[in-house]
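User: I have a structure open and want a quick tour. Let's start with the holes inside.

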Amino acid sequence: MEDTVIDDIDLDLIAALQTAPRASFDVLARVLDSSARTVARRYARLAGAGAMRVICEIEWSLMTEGLPATVWIGTEPGRAPEVAQALAARADTPFVSLTSGAADVFCMLHGATRADTTRALTTELPAVPGIRTLRTEWILRLLTSTASWRLPRLTSGQIAALTGKNAGRPAAHPRDTPLSGLERDTVAVLRNDARMPFSTLARTLGITESRARRTVAALLESGLLRPRVEVEPRDIGYAVEAVLSIGCRPGAVKRLAASLADHPTTRFLALTAAASVFTYGGAFRDEEHLADFLTGGFEGSEEVTSLECSLQLEVLKRYWTARP
């Protein structure tokens, strides 16, 4: 990101876009008590500087086969940055970071097929120079993602005015039928620009604007596409990111999952096939904020039987895109 100063007006705009990523500038302006011209100018400045993007999350079942794995990696002394860069360069890593705590590098790995993921974990990653140890935890179910994370800046009235403005929702279950050619082309175009106007999308795909509108509406309604704001937490006041492995009693899994999914610090939560039960990613204002969370700062914390915390020192890749 360029040296772009993000002020309170920008933060309000980001918060509004998190609630309604595809809302028009007119709608955003009314909610934020501003003008459409001012909102459009602010948006263009943030997007042009690389401080913010509005992208589309895509249902895993449409992109790859099976479920991803989280990988905790121990490296030879001094080689963590080299290893992280090598992993970020792979096509099968949605997320890569340098960490401090349980591992030197943390990543998610999701191959095109189950066999690809297995081969990467058992053969390819162990052969990466500098890697000393690997701990793999398979994700069984995604419970919440960054698309659900919100800056706590809007009033209940503002949130109500934005709710339903093409925000998308998680898919209830993987789709049984493959995408049509048009749907696949639409997904490819909107993946990196979720706010593309229907007129531009129609011209790009060579279809009518009304057909483009119907296709996008169906993908959003099904949850196969989920627009979201991509922004660095540190740029908007959250200096500390952490990834946690959390264990609890079997009878408490559903209650704790609901509590963590709704917590305002949660950016990612998944049920895993490991002793830790949950893999959790969160953003915090500072170390004191994280300390409050770790010492009982969430409902159901008394159900936790184990907790392992790692700080994200530097994120090299988010949602399949390498960071500058």
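This is a predicted model: local features need pLDDT of at least 70, side-chain atom pairs count only at pLDDT 80 or more; totals for chains, interfaces and linings use all residues.

User: How do the lining residues of the second largest cavity divide by class?
Analyst: There are three nonpolar, two polar and two charged residues. Nonpolar covers Ala, Val, Leu, Ile, Met, Phe, Trp, Tyr, Cys and Pro; charged covers Asp, Glu, Lys and Arg; the others, Gly among them, are polar.

User: Which residues lie nearest the centre of the largest one?
Analyst: Phe 95, Met 108, Thr 146, Arg 228 and Phe 268. They belong to a lining of 26 residues. Elements that each give two or more residues to that lining include β1 (53-58), α4 (60-63), β7 (240-248) and β10 (304-318). Thr 146 is in this lining, and Thr 146 also lines the second largest cavity.

User: What classes make up that lining?
Analyst: It has 14 nonpolar, six polar and six charged residues.

User: New topic. How many helices and strands does the chain have?
Analyst: Twelve helices and eleven strands. These are DSSP runs numbered from the N terminus: helices are H or I with at least four residues, strands are E with at least two.

User: Where does Leu 244 sit?
Analyst: In strand β7. Leu 244 counts as buried because its relative accessibility is 0%. Buried is under 20% relative accessible area, exposed over 50%, partly exposed in between (1.4 Å probe, protein chains only).

User: What does Leu 244 touch?
Analyst: Leaving aside neighbours within four places in sequence, Leu 244 contacts Phe 278, Thr 279, Tyr 280, Phe 293, Leu 294, Leu 307, Glu 308 and Cys 309. Contact means heavy atoms within 4.5 Å.

User: And Asp 292, how far from Leu 244?
Analyst: Their C-alpha atoms are 14 Å apart, and 48 residues separate them along the chain.

User: How much of the chain is buried?
Analyst: Buried residues make up 51% of its 324 residues. The C-alpha trace spans about 50 × 45 × 45 Å along its principal axes.

User: What does Ile 236 touch?
Analyst: Ile 6, Leu 11, Ile 14, Trp 149, Leu 151 and Val 231, not counting residues up to four places away in sequence. Trp 149 and Val 231 also line the second largest cavity.

User: Last stop, Tyr 319 and Trp 320. What is their phi?
Analyst: Tyr 319 has a positive phi of about 40° although it is not a glycine. Trp 320 is not a glycine either, and its phi is positive at about 70°.

User: Where is Tyr 319, and is Trp 320 buried or exposed?
Analyst: Tyr 319 is in the loop between β10 and β11 (321-322). Trp 320 is in the loop between β10 and β11 too. Tyr 319 is buried, at 14% relative accessible area. Trp 320 has 17% relative accessibility, so it counts as buried.

Conventions
Residues are numbered from 1 along each chain as its sequence is written. Side-chain values use heavy atoms; hydrogens and water are left out. On a 1 Å grid over the protein atoms alone, a cavity is a set of points where a 1.4 Å probe fits but cannot get out, and a pocket is an open set with protein on both sides within 12 Å along at least five of seven lines; lining residues have an atom within 4 Å of a point.
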